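Biologist: I have a structure open and would like to learn how to read its features one by one. Could you walk me through it?

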Amino acid sequence: MLLSMIVLIPLIFAVLTLLTKTRAQARALALVSSVAVLLLTIYTYFMFDSTSAATQFEEMYTWVPSLGISYNLGIDGISLPLILLNAIVIPLLILFTWNDEKHAPNRFYSLILITQGAVLGVFCALDFFLFYVFWELTLIPLFFMVSMWGGPKKHYASIKFFIYTHVASLVMLLGIFGLYFAAWNNTGTPSLNIPYLLSQFQFIGSGMTRDLIFLALLFGFIVKLPVFPFHSWLPDAYTEAPTAGSVLFVLLKIGGYGIFKIMLPLLPFTASPNLMITIMGALGAVSVLYGAFLALAQQDMKRMVAYSSLSHMGYVTLGAAGLVSLSVSGAMFQQFSHGLIMSIMFMACGVINNATGTRIMNELGGLAQRMPKLAVIMVLAFMASLGLPGLTGFIAEFSVLSGSFVNLQGYVVIALMAIVITGAYHLWALQRSMFGVYKEKLGNVVDINGYQTFAMGLIAILIVYFGLNPSPVLDMMLTNSEYLVGLMAGMGV
Amino acid sequence: MAIGDYAFLIPLLPALAFVLTFFLGKKLPNGGAIIPIVAIATSFVISLLITLGLLQNPEQVINQSVSWFAMLNLGILVDPLAAVMLTMVSFVSLLIHIYSTGYMSHDRAQYRYFAETSLFTASMLSLIISDNILQLFISWELVGLCSYLLIGFWYQKPAAASAAKKAFLTTRIGDVMFLAGIVVLFADLFRLYNGAIPDGIFILKFDEIFSQIPQLAAMSTPVLGFQVNHLTLITLLFFGGAVGKSGQFPLHVWLPDAMEGPTTVSALIHAATMVTAGVYLVARTFPMFIAAPDSLMVVAYLGAFTAIFAATMGIVMNDLKRVLAYSTISQLGYMMLGLGVGAAIGAEAVGISIFHLINHAFFKALLFLCAGSVIHAVGTHDMRQLGGVAKVMPITAATMIIAALALAGIGIPGTSIGFSGFISKDAIIEAAYLFGENGGGWFPYVLSIAAALLTSIYIFRLIFMTFFGKPRTAYGGHESPASMTIPLSILALFALAFGALTTERFNKFVSETFVNNFVHMDIPGLAELGGYHLAAHAGHEPLIILWLPVIVGVAGLLIAYLVYGMRIVNMDKLVSRNNPVYKLLYNRYYQNAILTNFLSIKVVYEGLAFAGRAVDRGFDWIVDWIGNISLDAGDALRQFQTGVVQNYAMIVITGVSLLVILIAVVREVL
Amino acid sequence: MIPVELYIGLAAVIFAIGLFGFMTQRNGVRMLMCVELMLNSANINLVAFSSYHGNLTGQVFTLYVIALAAAEAAIGFAILMSIFRMKDMIDLDKINVLRW
Amino acid sequence: MLNKQFTIMQIITSVYRFFRPRIVGMVIALLFLAIVLVSVIGTSWPAIDQLPQNLDDQSNIKGIGLLIFTEFVVPFELLSIVLLSAMVGAIYIAKGEAGR
């Protein structure tokens, strides 16, 4: 029941929120719901056994037995940190938008809650049917989020995001079908249970079929992640979305989750694992470097953050392809840390945009003098994002780089080259926007309000905390990645 | 409980002081300066007690580790090398903090200053005390962060913000190399264990790494046709990190610009923290370097080259602080040279290099604080506008002259009488001579002697231009308050006598870190791994070799006196835009133009990044194009919807008929 | 006994005639008549199969189809009438306001 | 854009006009007929061996009536509703403007 509650509470409250009339009611309901989810998640976290890679808190009800569909939820060490991330950031996001004057607040908060429910559903689902339903459900609220409250190019961005990632999910659906029918053929009973289908993958006779299934699923996941060269929806969608939308995009960690949960157990049984590893490693490493260069070339601060997100996501694929327990868990941790860091970064971009009316960095300057609180938090977030030790970003990057180097030397060298560029664009952005002489034409800007300070400050504290003591989440990731890597070792990959 | 059990407090107290000062300092008098001062003083006392304990009983190395995550750990290691560094850093930092209460008293953001310097000190102490390479790297980066924050302390000034960024990025190039070295090292160790690391083994701990040196030395990979020895690769990458942090050529460009911060910050960076980190890194991992002689060669040659390269630029600078900055680079070159000559003299190289590091810390901190005192009082740091300051500020002048004599290395060879800089620099130059004699090449020795001459010239040029002669412009001025002059006097005392008093014990104490105390390394055995033999240390150099450094030091003093004190040469002729040598030096070999403007802005930013943006537009265009194709296809297919029922019926029936025929044909064929 | 193929063949011929008419005529009334023709060819089939199987269900449904055809024709002609009233013609290929 | 559409439409309508004289419709209808006939001949139709010999049994009115009011009574009732509504609808549509 625990997981069902975690998934369903936001969805139910989303409907209730939609029915409210005033902003105060809407935000209060949303906050109640997200805090409830947070409490439940924390309870789950403490009940969770992080030394086991097995699925825990499993719930199972048959649904459509003739097609093998069931309502099946369960979590393991891959999903729990991401659930935790989601549950922590959403209430803070709601607090962050507490005083925002948005039109149609009931719809706004309702969409936030739907996204939360859908994303949590993806993390909890153990049935491909459920998985796919929640997967597609994430698209809809984000589409409306961008197209209703977005920036000047919101319609272009929202449609591009929707169609692009939807096409990718359809390809993924083909992969799911391939797996489903092949397993049905082999065993004679239909089932959409994820662990069961994953275990049946190796019995599919034709190596070609296995490779095609793998590539179809991989395509769906890396477009969502996203990874070079399938990233072009990202900068538009991230930039045009309202601040809350950008943060929700950041929390949309389902692509990377799919890679760990579904791709890695399949990887050793593909006909040509080395080719797959090469594809993933190369795409990851190139993304890291490419995203960094692109971020360097941006003038718009939010767009720069969007491209830096691409750069960071490259580590996820690279680490997953590294196939050493440290690198795989580092990649998982990168998802967690990226969620925290980018949330603050986008919040900061939103605050600056609201206060000054522009995000073009050359037009900003000296904001630190007028917004000291924001400056402190932003410097911390930027430092975390550029991988400064002692903060979460470093743990992830170091684990990925050093772990992957065991198997993928060339790609790690590419990724290492990006580190200086990463530093360059972060610092340059800070220098142009926060430091230097205050530009008077920006008007009389005021610092972030109490709610915003609380939301951003708490995330900042978490960044420091998990940077110094990653074990609370990293341990369970390590357990799971050791299990995954054990699978590979069994196959001699 | 023994004092060693409190060793973990050494970096922790200043770190706590950072938090307290940052959040509470605004409400306290003097920016809450008392918090970091007390914290650092406590750290200093603990370090001092530990050092004294180690002197009594060198076997009592403190080593405590806790598991961090995966096969990595956090921990502390206090052996003689770490102990002396801890003591020095906390001591110098303490003095600088006390001095700062006077120097920064007019700044509104004092609390931020003290918080950041406190964190700076904490990071450096944690760097020194760490027992594994990863924690060292973490502190290393934190040091970089703090230098960024402190150089950009007056962030309202665009120059300061830009200098901070430059410092961070330049050192980060080195950091990436260091990180790459750790990554390679980790992967190698991981492979040595075949991926199955037993519980309780932390593979990046120093003793663990050192115990694997023979295996590492045996590994090699072909890269671009060369057979690259892994140990050489790792040590070179580590040294790359040290080059960035310690401002060796060609990553020294950030150091002179780092003067944009408060002068006390410069003192902190140049004397106690930050720049010495690179030297400490090489010293800490010295057993690895010993087994990789090629890397040691690189260290020695680059060190010697940096020493003279920076000294030539120091001669022409007109900014008080810039002269000192180039002097720091040059002296760091000496320290690297001292480590590099380990290929000839073994572990003793660590001793002489660290000895010079400590002495340098005292006199360089003194030089900077004196310069700060002058700037504080007079309000300018252009030497051309100064002159005759000694009359206004006698204590500052006296202490500065002592520091200058220490830097120039004045003393009596063959005895242990002399300024502290003399004792240690002389040892390095002697070692360079031995290095040459044992087939390492004479290049480092020759350069180090030449650099000694230039050092003496530029530092006395500074003294004569600033403190003697007549004031060149009208400036007000007064002696600084006691909070500033007392630290100056204490430092002067150390610059004067520390070297002479400790020289006998110090080298032995530190050098034997690796041999006897820590992991009981067999240094000559490691050298055998690298395929060479250590020379037996000899004191039988010719007399001229012993005296040469002092002779050039005094010669430099005289030249500076003749040119700047007596003015026997008309400087205007030399110092003109038409003199190509002067122009080259004054523009700092155009490195700024080449490295910063051309390489980073033109090539990386405008070239690569903009090219990347064009490529990205291309991807965007492809995606949009695919979308447009489907739109156009729909547009074209729309024409078939004529809206005439008859046509639809016709098409349907035709389609059905053809389908039936097709199925029939297919069934026939199959 | 007449083989069932002949009935089916007859139905096919009637259907083809109806089809031809439906595809080539423009006049709405004629088209409706052609549709009736096709419907009735289906009815012939139903009746034929019904009696050759000894099962009356087919014939029952033939009655239903006739009844439905009546309803359809009534509506169809009514629509045609209103179209005629609006446009003064019932050429169905000119009635394409709903196209695209 | 408008231009392009227009030309394509022109081509299609002119082609359509060209074939208007029923040739295409004829060809298609004959093709369809041929297919149906070929498949009718190619199929072996199952049938009862012979018709009932008793002349009284030749009439099936009674059987149909029974079936309509027993087994297929629900479709019958539904059909009556359909017919009624079709009638009402047809009257409404055909009555047109005059009623308003």
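**Cis prolines and beyond**

Modeller: Gladly. Let's begin with A:Pro226, which is found in the loop between helix H9 (207-224) and helix H10 (233-240) of chain A. Please keep in mind that this is a predicted model.

Biologist: What kind of peptide bond joins A:Leu225 and A:Pro226?

Modeller: For this feature you look at omega. The bond joining A:Leu225 and A:Pro226 is cis, with omega at about -10°. The loop between H9 and H10 of chain A also holds A:Pro229, and the peptide bond from A:Phe228 to A:Pro229 is cis too, with omega near 0°.

Biologist: From omega to phi, then. Where is A:Phe57 found, and what is its phi?

Modeller: A:Phe57 belongs to strand S1 (residues 56-64) of chain A. Its phi is positive, about 55°, although A:Phe57 is not a glycine.

Biologist: Let's turn to helix packing. How are two packed helices described?

Modeller: The description uses the angle between their axes and the distance between the axes. Take helix H11 (residues 243-251) and helix H15 (residues 325-356), both of chain A: their axes come within 9 Å and cross at roughly 165°. Angles over 145 degrees count as roughly antiparallel, and H11(A) and H15(A) are therefore roughly antiparallel to each other. The crossing of H11(A) past H15(A) is right-handed.

Biologist: Which residues of H11(A) and H15(A) make the contact?

Modeller: On the H11(A) side they are A:Thr243, A:Ser246, A:Val247, A:Val250 and A:Leu251. On the H15(A) side, the contributors include A:Gly339, A:Met342, A:Phe346 and A:Gly350.

Biologist: Chain B has a pair to look at as well. At what angle do the axes of H17(B) and H20(B) cross?

Modeller: They cross at roughly 150° and come within 9 Å, where H20 of chain B covers residues 420-440. H17(B) and H20(B) are therefore roughly antiparallel to each other. H17(B) passes H20(B) in a left-handed crossing. From H17(B), the residues B:Ile352, B:Phe355, B:His356, B:Asn359 and B:Phe363 meet a set in H20(B) that includes B:Gly421, B:Ile428 and B:Ala431.

Biologist: How do I read a nonpolar core, and which residues in the largest one touch the most other members?

Modeller: The largest nonpolar core has 440 residues, and A:Phe131, B:Leu204 and B:Ile354 touch the most other members. Its largest share, 21 residues, comes from helix H17 (residues 348-378) of chain B. Domain 1 (3-586) and domain 2 (593-669) of chain B both give residues to this core, so it lies between them.

Biologist: Which residues is B:Ile354 in contact with, beyond its neighbours within four places in sequence?

Modeller: They are B:Leu81, B:Val84, B:Met85, B:Ala283, B:Phe506 and B:Val510. There is also a second, separate core of 18 residues, and among its members are C:Met31, C:Leu32, C:Cys34 and D:Phe32.

Biologist: Now to the wider view. How far apart are the centres of the two domains of chain B?

Modeller: The centres of domain 1 and domain 2 of chain B, taken over C-alpha atoms, are separated by 62 Å. The C-alpha atoms of chain B fill a box of roughly 115 × 60 × 55 Å along the principal axes. Chain B has 28 helices and 6 strands, and 61% of its 670 residues are buried.

Biologist: Finally, which pair of chains has the most contacts?

Modeller: That is chains A and B, among the 4 pairs of chains that touch. No contact joins chain A and chain C, and their closest C-alpha atoms are 23 Å apart. Chain A and chain D likewise have no contact, with closest C-alpha atoms 21 Å apart.

Conventions:
Residues numbered from 1 in each chain as written. Chains lettered and ligands numbered in written order. Predicted model: local features only at pLDDT ≥ 70, side-chain atom pairs only at ≥ 80, totals over all residues. Heavy atoms only, no water. Core = buried A, V, L, I, M, F, W, Y, C linked by side-chain atoms within 4.5 Å. Buried < 20%, exposed > 50% of the residue type's maximum accessible area, 1.4 Å probe, protein only. Helix = DSSP H or I, 4+ residues; strand = E, 2+ residues; numbered from the N terminus. Domains from an automatic or database assignment. Contact = heavy atoms within 4.5 Å. Axes fitted to C-alpha atoms, helices over the stretch in contact; angles between N-to-C directions. Parallel < 35°, antiparallel > 145°, perpendicular 65-115°, else oblique. Left-handed = near helix turned anticlockwise from the far one by under 90°.
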